[in-house]
Amino acid sequence: MEELDIVIVGGGIAGLATSLALHRKGIKSTVLERSESVRSEGAAFGIQTNGWLALQQLGVADKLRLNSLPIHQIRDVMIEKGIKRRESVGPASHGEVRGVLRNDMVRALAHALPIGTLRLGSQIVSVKRDEATSFPILQLRNRQDIKAKVLIGCDGSNSIVSKFLELNPTKALGSRAVRGFTNYPNGHGFQQEFIRIKMDNVVSGRLPITHNLVFWFVVMLKCPQVSTNFKNQEDVARLTLASVCEFSEEWKEMVKKCDIDSIYTSRLRYRSPWEVMSSKFRRGTVTVAGDSMHLMGPFIGQGCSAALEDGVVLARCLWSKLGQDGMNNVSSRKQIQEAIDEYVRERRGRLVGLSTQTYLTGRLIEASSPATKLLVIVLLMILFRDHIGHTRYDCGPL
């Protein structure tokens with residue numbers, strides 16, 4: 001059986017960010033990624049001020065800014081039965097906002113790690129506790145066993161590590177999102193703004209990445225749980241184009257001329273705010289980060305940035321207990337457990353706020369009843385008067 005100090009399951013944003021944060025503090029970790037290559041689905045992220053502060057701590061912010069336009073404002077438009085009912089324009093963040101390709105971020109994080117940190121093609125199938133030491137033991141699909149002193153689950157919405165922690169499964173929203181890119185060789189000419197349009201049961205958004213490349217998404221509200229329309233990329237593209245048939249010609253052209261290979265579709269899922277508030281995110285020396293901990297809808301654009309924050313905070317908490325000698329300085333499991341408890345306490349308050357605002361915003365978008373809409377609007381005004389206040393957050397130095 002192989003024995004490792006810190007094992008991170010999942011080579012996505014949360015896993016790579018956590019490993020890099022630990023590396024910046026001089027602590028070695030191993031990332032197990034089930035795919036044969038670094039995962040690239042998900043298209044792009046809108047990174048707000050708090051996310052850039054975390055990326056600055058990780059040392060990759062300046063590199064990512066090179067291929068990313070600053071976004072000056074957010075524009076929200078509501079259209080009902082062909083009539084524009086409301087349009088609002090305001091700042092997208094208290095500070096910096098840019099759209100970043102998921103591929104660019106994953107590569108920037110992965111390339112900053114020491115060689116040998118990331119193990120591709122390593123899929124875990126179960127986690128159990130060693131009866132002698134109480135440390136976690138991971139069984140891989142190839143039947144190899146790994147014993148870890150610390151296990152961090154960053155393995156997404158169907159996390160095996162979260163099941164070991166006995167967390168409830170994530171819940172499905174009644175919506176499906178399609179994301180894609182459209183390239184304009186001669187320039188798109190769009191304003192440097194994030195625009196989001198709600199029309200009947202469809203919400204669509206557009207985010208310029210560069211002067212030539214645009215990221216867009218279409219959220220189909222009240223989409224059936226099981227659909228036969230998502231068999232291949234061409235079917236998804238046709239259904240998506242049909243869903244925006246009432247939008248402007250410019251908008252339809254953007255979807256029609258998209259890069260078919262870039263299209264990515266997913267059922268939106270979430271972990272409820274009350275579960276984030278009450279769940280036990282540590283069992284022994286095992287914890288979770290990113291979507292495994294706080295999966296949320298895309299409605300306030302904080303899923304990726306929150307995962308980056310997780311990595312910085314977790315690394316800082318582990319380093320504060322382990323010191324510069326890292327795992328060599330551990331005399332007992334108690335120090336690791338105290339570090340994880342500190343991480344969970346610090347993150348819980350932040351994540352409850354994010355997940356609550358995301359949940360209420362999603363309910364408002366999906367609501368059809370005027371009474372429900374009014375109730376949600378009142379709650380949002382009471383709890384989140386500054387609706388972009390979440391972007392002010394600073395996760396602090398490593």
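Which residues have the most contacts inside the largest nonpolar core? They are Val7, Leu55, Leu58, Met105, Leu109, Leu138 and Leu308, in a core of 75 residues. A nonpolar core is a set of buried Ala, Val, Leu, Ile, Met, Phe, Trp, Tyr and Cys residues joined through side-chain atoms within 4.5 Å. Buried stands for under 20% relative accessible area, exposed for over 50%, and partly exposed for values in between (1.4 Å probe, protein chains only). Helix 10 (residues 303–322) gives the most to this core, with 11 residues.

The model is predicted: local features need pLDDT of at least 70, side-chain atom pairs count only at pLDDT 80 or more, and totals for chains, interfaces and linings use all residues. Residues are numbered from 1 along each chain as its sequence is written, and side-chain values use heavy atoms, with hydrogens and water left out.

Neighbours within four places in sequence aside, leucine 109 is in contact (heavy atoms within 4.5 Å) with Ile13, Leu16, Ala17, Leu20, Leu58 and Val60.

Helices here are DSSP runs (H or I, at least four residues), numbered from the N terminus. Helix 10 is mostly covered, with 16 of its 20 residues buried. Just after helix 10, glycine 323 takes a positive phi of about 75°.

Salt bridges were searched for across the whole structure, and 24 were found. The criterion is a side-chain nitrogen of Lys or Arg within 4 Å of a carboxyl oxygen of Asp or Glu. One of them joins arginine 347 and aspartate 310, at 2.7 Å from N to O. This pair links distant parts of the chain: arginine 347 lies in helix 11 (residues 333–366) and aspartate 310 in helix 10, 37 residues apart. Both residues of the pair are buried.

Another salt bridge joins arginine 238 and aspartate 235, at 2.4 Å from N to O. Both lie in helix 6 (residues 233–243), 3 residues apart, about one turn of the helix. An α-helix has 3.6 residues a turn, so residues three or four places apart point the same way. Arginine 238 is exposed, with a relative accessible area of 52%.

Aspartate 386 pairs with arginine 392, the closest N and O atoms being 3.4 Å apart. Aspartate 386 is partly exposed at 34% relative accessibility, and arginine 392 is exposed at 54%. Elsewhere, salt bridges that share partners join Asp62, Arg65, Glu96 and Arg98 into one network.

Methods: Helix = DSSP H or I, 4+ residues; strand = E, 2+ residues; numbered from the N terminus.
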